Amino acid sequence: MKQYLLSICLLLMAAIAGAQEKNYKVVFDMSSKDTINQQAITREIGLIKGASPEAKLEVVVYGQGLDLVVQGRSSQQASVQQLIADNKASFKVCAMTLKRNNLTKDQLVPGVEIVPDGIYEIISKQREGWGYIKVGH
Amino acid sequence: MKQYLLSICLLLMAAIAGAQEKNYKVVFDMSSKDTINQQAITREIGLIKGASPEAKLEVVVYGQGLDLVVQGRSSQQASVQQLIADNKASFKVCAMTLKRNNLTKDQLVPGVEIVPDGIYEIISKQREGWGYIKVGH
Amino acid sequence: MKQYLLSICLLLMAAIAGAQEKNYKVVFDMSSKDTINQQAITREIGLIKGASPEAKLEVVVYGQGLDLVVQGRSSQQASVQQLIADNKASFKVCAMTLKRNNLTKDQLVPGVEIVPDGIYEIISKQREGWGYIKVGH
């Protein structure tokens with residue numbers, strides 16, 4: 001019985017410690033088509049990874065933010081592709097946004113992933129303890 | 001004593017499990033008068049509830065966001081009223097914002113609720129484990 | 001052994017209670033140069049502290065938000081200086097943003113603090129249980 005209690009408590013401690021760990025994890029909420037915001041997010045990822053190579057960064061693109069990850073529309077197409085290729089950040093686009101804009105995966109910047117629901121992806125990351133930053137200015 | 005410890009630990013486990021449950025709960029921060037944002041938030045609520053009928057969604061309106069819930073000013077007046085009537089989302093407006101704009105409850109879209117402080121409403125929901133999305137583009 | 005378990009559980013309870021305490025703590029994410037946003041954030045701080053004098057408020061300035069805390073560029077220079085002097089809020093600016101704009105501490109509104117990385121400052125506060133509000137409209 002004591003062993004059982006101890007196990008429970010140790011698991012609880014691990015859970016709490018996990019939630020408070022000092023890792024640099026951020027989910028960026030990108031729903032803007034503004035090119036200043038497109039530049040800002042790619043620059044910030046480069047700066048963060050330069051200082052904290054172990055940081056986990058994810059950009060969730062939905063709504064008006066779509067252009068960032070569409071070939072021929074993104075002002076930061078080369079940067080986004082390079083950041084993904086270098087494992088500096090993942091870029092995930094909302095399937096509902098894609099569908100509403102009649103776009104398919106082959107029109108995206110290579111390496112961009114698709115999630116069923118961008119908002120759910122964001123709040124799931126928040127729930128897992130990731131920081132949240134709305135991209136905007 | 002063991003019973004007491006076990007009870008404590010089970011309560012703790014329940015609390016932690018509660019914080020991590022997979023429910024879809026989002027508080028939307030609406031401080032924009034932009035009609036693109038007004039359309040986006042009502043569309044997103046419809047999409048989320050279509051896919052996840054049990055989702056809990058709340059829109060907190062303050063600052064420049066006020067027009068969304070004011071009769072005769074909202075570009076989405078019918079949508080907001082219908083979303084509330086169908087229990088798809090609650091809309092809560094900041095009393096301080098109302099006062100500063102010399103508006104009263106009878107000028108709001110029917111069903112819109114008033115909270116004393118919009119920002120406190122938002123951070124209270126965050127503290128309760130709701131996801132947070134700033135509406136913007 | 002029982003004492004040890006009890007201590008662990010009490011520590012856990014305190015940690016959880018701490019995360020849920022009702023204190024009013026907000027980190028504001030300010031990356032906008034828009035003067036409406038500059039006015040909004042200073043007004044909101046005044047309103048919050050008027051109603052909740054014990055609230056802890058921090059404004060993190062980075063990216064396009066820089067002007068708010070630069071002498072001669074801020075539309076709210078006197079307000080920011082007064083809010084800091086009265087201990088109503090702290091204003092922290094990102095060192096990387098300062099550097100990119102070739103600005104030094106003596107060009108900031110008196111009392112503004114410098115943090116190495118604005119985004120990390122924000123997510124650290126989130127991790128400590130502070131509410132998060134993106135300033136925007």
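**View 1. C:Cys94 and A:Cys94 in a predicted model.** C:Cys94 is buried, at a relative accessible area of 5% (buried means under 20% relative accessible area, exposed over 50% and partly exposed in between, with a 1.4 Å probe and protein chains only). A:Cys94 also counts as buried, with 5% relative accessibility. Residues are numbered from 1 along each chain as its sequence is written, chains are lettered from A and ligands numbered from 1 in the order in which they are written, and side-chain values use heavy atoms, leaving out hydrogens and water.

**View 2. Helix α5 of chain B, residues 118-127.** Helices here are DSSP runs of H or I with at least four residues, and strands are runs of E with at least two, numbered from the N terminus. At the start of the helix, a side-chain oxygen of B:Asp117 comes within 3.1 Å of the backbone nitrogen of B:Ile119. After α5(B) comes B:Gly129, with a positive phi near 95°.

View 3. B:Thr97 belongs to helix α4 (residues 95-100) of chain B and is buried, at 2% relative accessible area. Beyond neighbours within four places in sequence, B:Thr97 is in contact (heavy atoms within 4.5 Å) with B:Tyr62, B:Gly63 and B:Leu66. To relate this view to the previous one, B:Glu121 lies 24 residues from B:Thr97 in sequence and 13 Å away in space, C-alpha to C-alpha.

**View 4. Strand β5 of chain C, residues 131-134.** Both faces of this strand are covered: C:Gly131 and C:Ile133 are buried on one side, C:Tyr132 and C:Lys134 on the other. Strand β1 (residues 25-30) of chain C runs parallel to β5(C), joined by four bridges (strands pair if DSSP finds at least two bridges between them). Look for C:Asp29 opposite C:Lys134.

**View 5. Confidence along chain A.** Chain A averages a pLDDT of 90, and 84% of the residues score at least 70 (pLDDT is the predictor's confidence in each residue, from 0 to 100). Over residues 13-21 the pLDDT is below 50, and this stretch has eight contacts in the model beyond near neighbours in sequence. The model scores ipTM 0.84 and pTM 0.86.

Note on methods. Predicted model: local features only at pLDDT ≥ 70, side-chain atom pairs only at ≥ 80, totals over all residues. Polar contact = N/O pair within 3.5 Å; in protein donor to acceptor, adjacent residues only side chain to side chain.
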